[in-house]
Amino acid sequence: MRDIGSAGGASSEEALPSHCFAVQTKEPVFDAYTNSYRLNFHGRVTVPSIKNFQIILPDDPNETLCQFGKVESDRFHLDYRRPFNALQAFCVALASFSHH
């Protein structure tokens, strides 16, 4: 076990272990035509929702690792690729329901 500091997280200067990776959510882009923020789901997501998200690597914002979005009132699509596995992607998607 190692001490990760009093703030509850690893220092930004500290390198992650080789089996860990840092990800972030992709920021939506403002669309003046619809007067709303949008993410490009390439046709996989059809209903606007606060639960819709895309996860990217900080160094490569054009490479989507995981995306989750609404397609009907009670249906969602979840797409993922390495380094995520099915369980990890599903857990991240479930977490989006606890905050909204």
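Where is the place of N35 in the chain?

Tutor: Keep in mind that this model is predicted. N35 sits in a loop, between strand β2 (29-31) and strand β3 (36-38). Look at its backbone. The phi of N35 is positive, about 55°, although the residue is not a glycine. Now look at its surroundings. N35 has a relative accessible area of 58%. The cut-off for exposed is over 50%, so N35 counts as exposed.

Move on to the loop between β3 and β4. H42 lies there. H42 is not a glycine, yet it has a positive phi of about 55°. H42 counts as exposed, because its relative accessibility is 66%, and exposed means over 50%.

Now step back to the whole chain. It has one helix and six strands. Along the sequence, the order is β-β-β-β-β-β-α. There are 100 residues, and buried ones make up 20% of them. The chain exposes about 7,600 Å². Carbon and sulfur atoms supply 54% of that area. Take the contacts with a separation of 6 or more: 37% of them join residues 24 or more positions apart.

Next, go inside. Q54 belongs to strand β4 (residues 53-57). Its relative accessible area is 2%, so Q54 is buried. Its side chain has a polar partner: the side chain of Q67, at 2.9 Å. Leave aside the neighbours within four places in sequence. Q54 then touches residues that include Q24, T25, L39, F41 and C66.

The largest nonpolar core has eight residues. They are F53, I55, L65, C66, F68, F84, A89 and A93. β4, β5 and α1 each give two or more residues to this core. β5 gives the most, with three.

Follow L65, one of the core residues. Do not count residues up to four places away in sequence. The contacts of L65 then include V23, I55, Y80, R82, P83 and F84. R82 and P83 are joined by a cis peptide bond, with omega about 15°. P83 lies in the loop between β6 and α1.

Helix α1 covers residues 86-98, 13 residues in total. From first C-alpha to last, α1 reaches 19 Å, close to the 18 Å expected at 1.5 Å a residue. N85 caps the N-terminal end of α1. A side-chain oxygen of N85 lies 3.0 Å from the backbone nitrogen of L87.

Which residues of α1 are buried? They are A89, A93 and S96. Seen down the axis of α1, these buried residues fall within an arc of 45°, so they line one face of the helix. What covers them includes β4, β5 (60-72) and β6 (75-80). On the other side of α1, L87 and S98 are exposed.

A89 and A93 are buried residues of α1, and both belong to the largest nonpolar core. β4 gives residues to that core, and β4 also holds the buried Q54. Back where we began, N35 is exposed in its loop between β2 and β3.

How values were computed:
Residues are numbered from 1 along each chain as its sequence is written. This is a predicted model: local features need pLDDT of at least 70, side-chain atom pairs count only at pLDDT 80 or more; totals for chains, interfaces and linings use all residues. Side-chain values use heavy atoms; hydrogens and water are left out. Helices (H or I, at least four residues) and strands (E, at least two) are DSSP runs, numbered from the N terminus. Buried means under 20% relative accessible area, exposed over 50%, partly exposed in between (1.4 Å probe, protein chains only). A polar contact is a pair of N or O atoms within 3.5 Å; within protein, one must be able to donate a hydrogen and the other to accept it, and residues adjacent in sequence count only if both atoms are side-chain atoms. Contact means heavy atoms within 4.5 Å. The expected span of a helix is 1.5 Å times one less than its number of residues. The arc is that of the directions from the helix axis to the C-beta atoms. Accessible areas come from the Shrake-Rupley method with a 1.4 Å probe; for residues, only the protein chains shown count as cover. A nonpolar core is a set of buried Ala, Val, Leu, Ile, Met, Phe, Trp, Tyr and Cys residues joined through side-chain atoms within 4.5 Å.
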